[in-house]
Amino acid sequence: MRTVAVFNIKGGVGKTATAVNLAYLSAAAGVRTLLWDLDPQGSATFYFRVRDGIDAKLKHVVRGKRPLDELIRGTDHEGLDLLPADFAYRHLDLALAHAGKPRARLGHLLGPLASRYDHLFLDCAPSMSLVSESVFGAADALLVPTIPTTLSLRTLEQLAAHLAASERRRPKVLPFFCMVDLRKSMHRELVRSEERRPFPFLRASIPYSSTVEQMGIHRAPIAIFAAGSEADRAFRELWLEAMTAVGSWLGWAAQGEWDFGRRLFSRPGSVE
Amino acid sequence: MDPSRAFAAGSQTRGRQALAALARAFRSQSERPQRVREAYLDTFDWLIHAGGATLSAIDERGGIVLCLRDREGSVRHRLRVAGAPSFAHDLPASPLRDALSGLVGCRRLLPVVRLDMRRSGLRVEDEQQKTVGRVVLEHGTAIGFDDGAQARRVPPTIEVAAVRGYAAVATRIGRFLEHEQGLPPVKSARLERVLALAGRAPGGRSSKLRLELDPAQPAEEALRRVLRALFDTMRLNEDGLRRDVDPEFLHDYRVAVRRTRSALGQVKHVLPPAVLGRFRPEFDRLGEATNVLRDLDVHLLGLDAVRETLGETDRPGLDALASWLRHRREQERQRLLGVLDGDGYAALVADWGRFLDLGAEPHAGAAPGHAAGDDPTRHARRPIREVAARRIRRAYRRVIAHGRAIGDTAPPAALHRLRIDGKKLRYLLELFTSVFDREAIAGLVKPLKQLQDNLGDLNDLAVQQEALADFARELDAQDPATAAARRASATMLGAIAERRRAERERFRRCFSEFDDPRVAARFAEALEGGRAGTP
């Protein structure tokens, strides 16, 4: 199972849109995919029309007394399941701390799911906390949506400094530009400039687009209601690049075996 | 999608009525009717089915989607490909390929049944318009591939698929269909239902000889019946062997040839010398002609076990080895086809068939001038039970004597000879089971089989070792392009040597379990006592 955490210390940068669309594309390509909505706001859960709230006490979940397996919900899309958000996740830090070994806890809880799913996406809440430490311990890669602004780049530097100071296992960090508006000069400059980049950026970027905002109206991934749009194409490119970077077979299959790869992209993925 | 349950709709009209009633009782959206074409694939001996899974190829615009499900219908892996694969190794590297290789190794995938279905259905929703259950009415036709390609009607069925985390909804829908609509639930899984329609049932294909001999029958007649059954088996497997459907056809063909050779060589003083002189060398040659091909098959089958022991970096090297082996295998197969298409083989088939049907020509019988004790066919008229028991006792004593002589430092050749001795014993037991007490013979075959498996594994490992060494010799030691393949060969050779050592250590235990006074007593008893009702 490849685990990709969509993470940023900053909020409102497009984490949920990224997690939802990428998870959908993985499932549409035929791999068993799980999305865990770790954000107490429950936006990803809302996009999939799943009622948020898990019928279990948070401490029981964190201590492994209620297997995650029982809390998973199927989405409307073949091969894509969701672990819904719960408002109690705002106390996830405390629960992790009480359960002991907080940094390894998440990875431990996910263990039993490894044989059930090929890809796991974590939609993380903004902030730097014990929860994010635990996410760093469990993820193969951090996908970091970054708006081309000075403040955003600064939080990326903070993340780099934090990871560098840590002696623990570090996930691969994959920043990419998000909500890019080329009408703004600062966006143009920062996207072109190679300065202030603690990690190499992915080539794909997501433009600022009203299509992304419409996900809240349609309550569905973009590929469902706006297949072929600019935003849809951008997320597909991002998905492919991210899959290649985390070493998923899908990434290189799509590139190496062209026919096969093209087929993955030929249709937005049928909904059965 | 989670496991589903099905209900018999009886007719399409009835099915549509039930769906309409469902739509009134549950918040739902109807889905566009669609046509789904789907073929189920499996190996000829149902390895996927035996592994608790189904593999189907679903026709989609611009390609097909392969779907590996478990028996309850949950999708384990999906993969979009350009065309249906013949082998697991035809697929791009993917979890589905890995899972499928684990089930079928390098067996060929054959279409089992093809479905052409019309589906219409409903999505049951909650108040957020989230899908919480799916209901599909389907009907259509099924064509079984062993069934003369005759299309059969698949009766309309309503399937209820639960969405994960919403099992209660599916239960409510099921209850509604069964109790409110009076539709009977269907117990068996979808594939089984369809196969039953197409006149097929999953199950093994056995190379076991099913032959009932009369213990009192004269040995010559009985032996010809046995040889006839073996010849039929050979001929039955010839087609699959020629078309290269699966390595198992060659294997069964070879077993039949080997049993024939065993019967000709072991059962002495029954067939006239002229017959033996004509056919024994021919069958020996035929057996030899298949040796290399079988070794290559063994090696390819063994690669899957080796794959487990390799790290990611050695996989490309293994793939290089596999394609080299497949190339050699193809050459070897062409050579064998040359033998099978030759005049010599045609003459053997014709003459052997005539002998089996009509018996030896009169002049081929006892040569004049033999003393009574020297008559080369002196056992021909004796009851088969007596003749067989005598041969089996001898073969048993030979295995014991040779096995005891094998010490810890004995060369591999000695173990190989013991394996051949064991095979001869096993073939005799199997060929003549029906003239003894079946259960008693089965009790003898069991410890022998354990010993033979051990010796067989030792032999297979030696074969793999040799082929690997051949492969490694052909690789240019200086060429960086072959570095991965060389490294993989070295790793594999190490792993094989390790397994060989382990099997060699196990040999002592396997043999002593066979060389046991209790087994000896069972032998004596089984060969003494005939079948019930026989004097």
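1. A crossing of two helices is called left-handed if the near helix is turned anticlockwise from the far one by less than a right angle, and right-handed if clockwise. By that convention, the crossing of H12(B) and H16(B) is left-handed. The structure is a predicted model, in which local features need pLDDT of at least 70 and side-chain atom pairs count only at pLDDT 80 or more, whereas totals for chains, interfaces and linings use all residues. Residues are numbered from 1 along each chain as its sequence is written, chains are lettered from A and ligands numbered from 1 in the order in which they are written, and side-chain values use heavy atoms, with hydrogens and water left out.

2. Helix H12 (residues 384-404) and helix H16 (residues 517-528) of chain B have axes that come within 10 Å and cross at roughly 165°; such axes are lines fitted to C-alpha atoms, for helices over the stretch in contact, with angles running from 0 to 180 degrees between N-to-C directions. H12(B) and H16(B) are therefore roughly antiparallel, given that angles under 35 degrees count as roughly parallel, over 145 as roughly antiparallel, 65 to 115 as roughly perpendicular and the rest as oblique. The contact (heavy atoms within 4.5 Å) involves Arg385(B), Ala389(B), Ile392(B), Arg393(B) and Tyr396(B) on H12(B), and Val519(B), Ala520(B), Phe523(B), Leu527(B) and Glu528(B) on H16(B). These residues divide into seven nonpolar, no polar and three charged, where Ala, Val, Leu, Ile, Met, Phe, Trp, Tyr, Cys and Pro count as nonpolar, Asp, Glu, Lys and Arg as charged, and the others, Gly among them, as polar.

3. In chain A, helix H5 (residues 102-110) packs with helix H6 (residues 130-138) at an angle of about 55°, their axes being 7 Å apart, and the two are therefore oblique to each other. The crossing of H5(A) with H6(A) is right-handed. Among the residues that meet are Arg103(A), Leu106(A) and Leu110(A) in H5(A), and Leu130(A), Glu133(A) and Val135(A) in H6(A). The whole contact divides into six nonpolar, three polar and three charged residues.

4. Chain A has 14 helices and seven strands, and chain B has 16 helices and nine strands; these are DSSP runs numbered from the N terminus, helices (H or I) of at least four residues and strands (E) of at least two. Buried residues make up 58% of the 272 residues in chain A and 51% of the 535 residues in chain B, where buried means under 20% relative accessible area, exposed over 50% and partly exposed in between, with a 1.4 Å probe and protein chains only.

5. A search of the whole structure finds zero disulfides over all chains, a disulfide being a pair of cysteine sulfur atoms within 2.5 Å. Cys124(A) counts as buried at 3% relative accessibility, and Cys178(A) likewise counts as buried at 2%.

6. Gln129(B) has a positive phi near 60°, lies in the loop between strand E6 (110-125) and strand E7 (131-144) of chain B, and is partly exposed at 45% relative accessible area.
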